[in-house]
Amino acid sequence: LLHAHKNLLAAVSPVFRTQFYGALPESSRVIQVKDSTSEAFRLMLGFIYQRFDASIKIENLTEIGDIFDVFYLADKFDVLGFKAKILSRLRFMPVNMFNYEDLTRALDQYKHFKEACKVVEERLCKFIFQHPNPLELVFVAKNNSSVVVKEEVLYKLSAVAESNPLEVLQIAHLLIGSDESNSIDIKKVLSPVMKGCIKGYEAVLKVPLLYSKFLPSPSAGFDHELTMIQSTWKENFCKNCESAVCKDGDPVDASTVKLGTMVEIESGTFMECRMTKGKVSEIGLSILNKIRTGGDHGSHSRSEGCTSVEHGDRRWSDGIPTEARRCSGVHKASKPVFRFKLVTGVERISSDFPSVYFSCK
């Protein structure tokens, strides 16, 4: 039996105010409080009476069930400042492997307390994001109904997908299959996992010995995952960067340019510069220039026809070629040139423009 003053309770809680002084006030001096514990109600009274140890006791709550017991009272009686205090405790509650399962289970057990559950979800998501080994988090996520936790673990799996593509992809499918509500955005959460799996697959493709070890035995149970990785790789393979995980618009080095590579040229004057897009239509061309260096190895060769940029001729934008610095005489150097077809239908070559940018797809 706990003692309290009606007028004080009514001053801090609209629920108590209606109960004691409303149109149908409570006549009994003893009020029975259901669905709570005496410890939780005593803590609320301590907060209402501003006892010096009330805040300390709230901060010392470690069991998620105890915190929600107190939150239930804060929510039911709408005590001024009390709910905010409990939410603050949840917001700064440490999350680790010891309470990860309890917190995740609480999201289902106390799901009707949406405000508190949202705070717990935020804490769990931060813990999952920072955890070094997402494989340790899968079991709890799979066996609880929280879609938020499932999705966060799926995102985190992408960090280890490259090192173990087949197992991670299988685990991802199991996690998705455990969502009975069918609320998971499969395409959104599986995309980063698949990207990591493809990177791992491409890494072993380059080394025959690694690839032979990568291929699972028929009894391993990874046939579906292997087929999915291989088919996705073939469907998305980009010839420009020789990878299936490239992104449209990623820069491409001129040395790896292939037919169909997107190109963007800069033309016009300095005051009216404009960019025009197109696609590479021919490769393998080259432009050949000559340079005469003379006996001084090019350092004072303007009078003998030097074409380096220092002397005003911009054909040698990188200065005198290295081979021309070693000895005197006439030297030849070449650079790759590409023919491309612009969106306007006009065909040009890259050497006609001061700036050419290549991008994937």
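Which residues does Glu264 touch, not counting residues up to four places away in sequence? Let me start with that one, and then zoom out. Glu264 touches Met275, Thr276, Lys277, Ser355, Val356 and Tyr357, where a contact means heavy atoms within 4.5 Å.

Before going on, a word on what we're looking at. This is a predicted model, so local features need pLDDT of at least 70 and side-chain atom pairs count only at pLDDT 80 or more, while totals for chains, interfaces and linings use all residues. Residues are numbered from 1 along each chain as its sequence is written, and side-chain values use heavy atoms, with hydrogens and water left out.

Okay, the overview. The protein has 15 helices and five strands. Those are DSSP runs numbered from the N terminus: helices are H or I with at least four residues, strands are E with at least two. There are 361 residues, and 39% of them are buried. Buried here is under 20% relative accessible area, exposed is over 50%, and partly exposed is in between, with a 1.4 Å probe and protein chains only. If you take the contacts with a separation of 6 or more, 63% of them join residues 24 or more positions apart.

Back to Glu264. You'll find Glu264 in strand 1, residues 262-268. With 27% relative accessibility, Glu264 counts as partly exposed. Its C-alpha is 6.3 Å from that of Gly278, which is 14 residues apart from Glu264 along the chain.

One of the residues Glu264 touches, Val356, is also touched by Ser350. Ser350 sits in the loop between strand 4 (347-349) and strand 5 (355-359). Is Ser350 buried or exposed? Buried, because its relative accessibility is 11%. Leaving out residues up to four places away in sequence, Ser350 also touches Pro336, Val337, Phe338 and Phe340.

Now the helices. Two packed helices are described by the angle between their axes and the distance between the axes. The axes are lines fitted to C-alpha atoms, for helices over the stretch in contact, and the angles run from 0 to 180 degrees between N-to-C directions.

Let's take helix 5, residues 64-77, against helix 8, residues 114-130: their axes come within 11 Å and cross at roughly 150 degrees. That makes the two roughly antiparallel; the rule is under 35 degrees for roughly parallel, over 145 for roughly antiparallel, 65 to 115 for roughly perpendicular, and oblique for the rest. This crossing is right-handed. On handedness, left-handed means the near helix is turned anticlockwise from the far one by less than a right angle, and right-handed means clockwise. Ile64, Phe68 and Phe71 from helix 5 meet Ala116, Cys117 and Val120 from helix 8. That contact has six nonpolar residues, no polar ones and no charged ones. Nonpolar covers Ala, Val, Leu, Ile, Met, Phe, Trp, Tyr, Cys and Pro; charged covers Asp, Glu, Lys and Arg; the others, Gly among them, are polar.

Helix 5 also packs with helix 6, residues 82-91, with axes within 9 Å and a crossing of roughly 160 degrees. So these two are roughly antiparallel as well, but here the crossing is left-handed. On the helix 5 side we have Ile64, Ile67, Val70, Phe71, Ala74 and Asp75, and on the helix 6 side Phe82, Lys83, Ile86, Leu87, Arg89 and Leu90.

How do helix 11 and helix 14 cross? Their axes come within 9 Å, at roughly 105 degrees, which means helix 11 is roughly perpendicular to helix 14. Among the residues in that contact are Leu166 of helix 11 and Leu226 of helix 14. Leu226 is buried, at 13% relative accessibility.

Last stop, two loop residues. Most residues other than glycine have a negative phi. Gln50, though, has a positive phi of about 55 degrees. Gln50 is in the loop between helix 3 (38-48) and helix 4 (54-59), and is exposed, with a relative accessible area of 70%. Asn182 has a positive phi too, near 55 degrees. That one lies in the loop between helix 11 and helix 12 (186-205), and Asn182 is exposed at 67%.
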